[in-house]
Amino acid sequence: MNLLNKSALFGLTLLISGGLLAACGTQNAGTSNSTIESTAEERVLTDTLGNEVTIPANPKRIIASYLEDYLIALDETPVAQWTVNNASIQDYLQEELDGIPTISYDLPYEEILKYEPDLILVSSSPLVEGGKYDEYNKAAPTYVVKNGEGVTWRDQLTDVANVLNKEKQAEEVLETYDTLAADTKEELTQANANNQSAAVLWVTNNQVFMVAETKSSGTVLYGDLGLKVPELVTEISKDATADWSAVSLEKMAELDADNIFLINSDESDPFFEESVWKNLDAVKNDKVFSFGGDSSWLYNGPIANTKIIEDVKTSLLGE
């Protein structure tokens, strides 16, 4: 992925995680889905925006842009997959999505029609604003999945599973993930690795961005695996409105992380020549672990987070 595409993907990730493309905040997070009526052939569900949606009994042509992680975890394959500028895709899912054509992240109506879907799952409420929901719903039943502040990847998995009538399978996916996380946490404890702190950074255009404590991969490292939270991460997280928060050079000098996970960064970026970077303890102690744009660290979901745990094990335990 070239620098232009990295920047485009990064900007879009900030929009998605910050709520500009993610949902209408806490109001949506508190809306629960309920079955209004059901028949042998189909069910009528209420989505996060209050739309009553007739769900086909066995949808086969699903569009679920930016929700592919959940579909694959539930043994479903979409007819098209998320992309930015026909260049950036979720590389970590390509073993399962190989050969699946792409659809732009903003879901142009003409592209949707081309794929003749029988169900559309929308990941972000603002994507259907301005009358777009009614347009999509003419093409196929359109369901807006739980999203917004306070909604977790677990909530979204459960919601998608409810639509697909795969609640039991979702429970099994969560159980498998939780077992992996608990086992890995125990391994880290036995190796005394969970006494170490870690920060997740993204460097682009001489600017540093840090993952918040309770968002994205932060929930995996600090919540699921119990790694120590550096003081700077705690400070940045207090005011974080997105998964990734900008950090000034002055603040970066305060980073006391034992380990740094460096994600999708341009190795030629001028920041890496700064004395601030070179003087960080993790850098001096060779405790920087780099993962490219083909990794799962930029995304959320059971598959993404499973791969993050595997990366942490490889980095800290040598497994």
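**Exercises on exposure, helices and salt bridges**

The model is predicted: local features need pLDDT of at least 70 and side-chain atom pairs pLDDT 80 or more, while totals for chains, interfaces and linings use all residues. Residues are numbered from 1 along each chain as its sequence is written, and side-chain values use heavy atoms, leaving out hydrogens and water.

**Exercise 1.** State in which element Glu175 is placed, and classify Glu116 as buried or exposed.

*Solution.* 
Step 1. Glu175 lies in helix α8, residues 167-190 (helices, H or I of at least four residues, and strands, E of at least two, are DSSP runs numbered from the N terminus).
Step 2. Glu116 belongs to the loop between α5 (109-114) and β7 (119-122).
Step 3. The relative accessibility of Glu116 is 58%, so Glu116 counts as exposed.
Step 4. The C-alpha atom of Glu116 is separated by 8.9 Å from that of Val79, although the two residues are 37 residues apart along the chain.

**Exercise 2.** Determine which residues of helix α10 are buried and which exposed residues are carried by the face turned away from them.

*Solution.* 
Step 1. Within α10 (residues 231-238), the buried residues are Leu232, Val233, Ile236 and Ser237.
Step 2. Viewed down the axis of α10, these buried residues fall within an arc of 135°, so they line one face of the helix (the arc is taken from the directions from the helix axis to the C-beta atoms).
Step 3. The face of α10 turned away from its buried side carries Glu231 and Lys238, which are exposed.

**Exercise 3.** State how many of the 11 residues of α7 are buried, and name the buried residues of α7.

*Solution.* 
Step 1. Eight of the 11 residues in α7 are buried, and the helix is therefore mostly covered.
Step 2. The buried residues of α7 are Trp153, Gln156, Leu157, Asp159, Val160, Ala161, Asn162 and Val163.
Step 3. Asn165 follows α7 and has a positive phi, near 60°.

**Exercise 4.** Find how many salt bridges the whole structure holds, and describe the pair formed by Lys166 and Glu76, the pair formed by Glu149 and Lys215, and the pair formed by Glu273 and Lys278.

*Solution.* 
Step 1. A search of the whole structure finds seven salt bridges (a side-chain nitrogen of Lys or Arg within 4 Å of a carboxyl oxygen of Asp or Glu).
Step 2. The side chains of Lys166 and Glu76 form a salt bridge at 3.0 Å, N to O. This pair links distant parts of the chain, 90 residues apart: Lys166 is in the loop between α7 (153-163) and α8, and Glu76 is in the loop between α3 (68-73) and β5 (81-83). Both Lys166 and Glu76 are buried.
Step 3. Glu149 and Lys215 meet through their side chains at 3.5 Å, N to O, in another salt bridge. This pair also links distant parts of the chain, 66 residues apart: Glu149 is in the loop between β8 (142-144) and α7, and Lys215 is in the loop between β10 (207-211) and α9 (217-224). Glu149 has a relative accessible area of 46% and is therefore partly exposed, whereas Lys215, at 13%, is buried.
Step 4. The side chains of Glu273 and Lys278 form a salt bridge at 3.4 Å, N to O. Glu273 is exposed because its relative accessibility is 59%, and Lys278 is partly exposed because its relative accessibility is 42%.

Conventions: Buried < 20%, exposed > 50% of the residue type's maximum accessible area, 1.4 Å probe, protein only.
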